[in-house]
Amino acid sequence: MAEDSFLTDDLLRQLISVGEVDLLVGVPSRNNADTIGHTVEAIEESFQHAFPRQRVVIVNVDCGSNDGTIDLFLNSSGRKNASSRGITSLRTEHRVVARYENATQATVLRTIAATGDLLRARACAVVSAATSNLTADWVGNLLQPVYRQDFDFVAPLYARQRFDGLLARLVLYPITRAVFGKRIREIQSGEFGFSGRLATNCTTSDMWREPSIQDLPQACMTVTAIASGYRCCQSYLGPRLRPVAAQTPDIVTAVRQAVGALFWCVNAYEDYWMGHSANDTVPSFGPDHELTDDPVTVNLERLFELFRSGVAELSPLLKTILAPDTYAEVQRLAACDERKLCFENMLWARTVYDFAASYHHTLLNRDHLVQALVPLYRGKTYSFFLQHAASTAADIEADSENLCLEFERQRVHFMERWKSQTEVST
Amino acid sequence: MKETILQGLTQAYENLVRMIADFLPRLVVMLTIILIGLLIAYLLRAFVRSILHLTKLDRISEEAGASHVLRKAAMPSMSEFLSRSIFWITLLGFILLGISVLQISELQEQISRLFQLLPEIFVAILILFVGVLAANFLSRAALLTAVNAGYPSPRLWSGLVRFVIWILTISMALEQVGLARETVVAAFSIAFGAVMLAVAIAFGFGGRDLARQTLERYLGSREKEREKEEEPSPL
């Protein structure tokens, strides 16, 4: 098995002492001493309330913490409500730690999947140790659909500030929906659930070695689940708080990691989506995706200036990547008045598709190509802010739906671009 | 006296006529050889191109990643690159052959030296090729980083990176073929030093405020966090 040489001896020894389990929760961490105790409490509370008879294990995959995160994980007392222990006192709630000095997120996720596979867990979940508002319900909502309803992949749904998560709203979700044919909103999230079957499938996959997915591998797991025909669903968790700036990647890093990983998936699963044009909703549990009106501070002037200067400075690159009419339209936009900028959905869909097709044809270094999308993404974001400054949540949802429909309509254009340049290059 | 002058002029004229009569056929032969070479080079290019298209070399090269490298260096596809190389090598061979027909001893000496230098020239071309790749890649990386971070004059930074790598590559290539070694090293040191000094002076004196802002931006994590907070959270 692939994981024989992959998991450390120390981890394997711990897993042997655990034996088989029904449920596994993986907690990736790196210097999360402030929140890991709370995370463990929430997980154990969930086990206690929702899964009192099941064999369970919590796996902490730590990437070089030096603030005592591992000690806190192993020694936190867990249960808040001692009176409700009941039958849980008859079982051992195992805690296992996998230590890495400097592992990528792909290694972390692969470790959790391989652990789930080795322990023959029926349902697994991953929760981020950095999520400060994690509750027992979140863990339960990720595990229940897999354990009790035989789903294989559970994507989260959150309540978000209406201008947060725009990369997911403007790029990741529309592409997932239009290209892979599943309406899964959050493909790059710190929390999700999956079955033992999917864990086994992913563990033996070669995707973990791919450089493009090392920092954000969740999208690949989602796409693998879709493309391999596993049953997918979404489950509402709760409000997703905006993390402090120091713990989040900047906009360039986020685009490189998230869009790079998704483009790689589009390229790797070409055979699947080329012959699959269906567009299915997936079952959702709990309330739908929600938008909140919390205040947000954005420097719109800087956003527009970075778009304008980016288009001007990168014009030779954009000319190579974009179709001629798309390129001309983008140039026109960059020259227009700041207060009137409107990045139309059709133009945005064509732009993103042109980038995905150029990524496939490796028109230039793939990382550089994804970086060249950043100024255009800023332009679309700026346009989104202008358009929805006074919009209600319903208006924003309606616009998102229109964007997704436009991506679906432009799928033909995408397939033409995908195929045409292949013929030229051969 | 008059007769002597006339005799001298006549001899000079006869010599000139003899030289022209001797040289012209060789020139015609040389031009014919070059023309035939050009024709053969064209035919060879077309033949090699069609053979390479038939063997689907481009697809193999694409899969092996070689086309990727060529594209990064702004070069044509593998089959086009090889067929053009065959064309130029063939044409160059015929030109050298033609020149040797002229029987100009100095030229023949230079040509034989050129053949002796061929291994060094090959290594120098390889150095230039790698240099072009590195210059294209790193200048584009600098351009994208500067544009996305909002630094002023991104093309200047990108051009500077390209220029420095080009200077370094050319001096290494010339060093390899042994052309004016001392001059090349001295010229490189002076040019490189001058550029760096000019940049330092321009940046330090001409744009003190800009230097301060840029250093603050590079070194100040607070500035970076503020910029991050001013942009919508992407994920």
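**Domains, helices and a loop**

Modeller: The C-alpha centres of domain 1 of chain A and domain 2 of chain A lie 30 Å apart, the domain bounds coming from an automatic or database domain assignment. This is a predicted model, in which local features need pLDDT of at least 70 and side-chain atom pairs count only at pLDDT 80 or more, while totals for chains, interfaces and linings use all residues. Residues are numbered from 1 along each chain as its sequence is written, and chains are lettered from A, with ligands numbered from 1, in the order in which they are written.

Biologist: Which residues belong to domain 1 and domain 2 of chain A?
Modeller: In chain A, domain 1 covers 2–291 and domain 2 covers 300–425. Their contact takes 22 residues from domain 1 of chain A and 22 residues from domain 2 of chain A, where contact means that C-beta atoms, placed from the backbone, lie within 7 Å.

Biologist: Which helices supply the side of domain 1 of chain A that touches domain 2 of chain A?
Modeller: Helix H6 (166–180) and helix H9 (251–268) of chain A each supply at least two residues of that side, helices being DSSP runs of H or I with at least four residues, numbered from the N terminus.

Biologist: Switching to chain B, how do H6 and H7 pack?
Modeller: Helix H6 (residues 118–149) and helix H7 (residues 154–177) of chain B pack at an angle of about 170°, with axes 8 Å apart; axes are lines fitted to C-alpha atoms over the stretch in contact, and angles run from 0 to 180 degrees between N-to-C directions. That makes H6(B) roughly antiparallel to H7(B), a label for angles over 145 degrees.

Biologist: Which residues of H7(B) are buried?
Modeller: In H7(B), the buried residues are Pro154(B), Ser158(B), Val161(B), Thr169(B) and Ala173(B), buried meaning 20 or more other C-beta atoms within 10 Å, exposed 12 or fewer, and partly exposed in between. Their cover includes helix H11 (300–313) of chain A together with H6 of chain B.

Biologist: And Leu156(B), where is that?
Modeller: Leu156(B) is in helix H7 of chain B, and it counts as partly exposed because it has 14 C-beta neighbours inside 10 Å.

Biologist: Back in chain A, where does Met207(A) lie?
Modeller: Met207(A) lies in the loop between helix H7 (196–203) and helix H8 (218–227) of chain A. Leaving aside neighbours within four places in sequence, Met207(A) is in contact with Ile213(A) and Cys220(A).

Definitions and conventions. Parallel < 35°, antiparallel > 145°, perpendicular 65-115°, else oblique. Contact = placed C-beta atoms within 7 Å.
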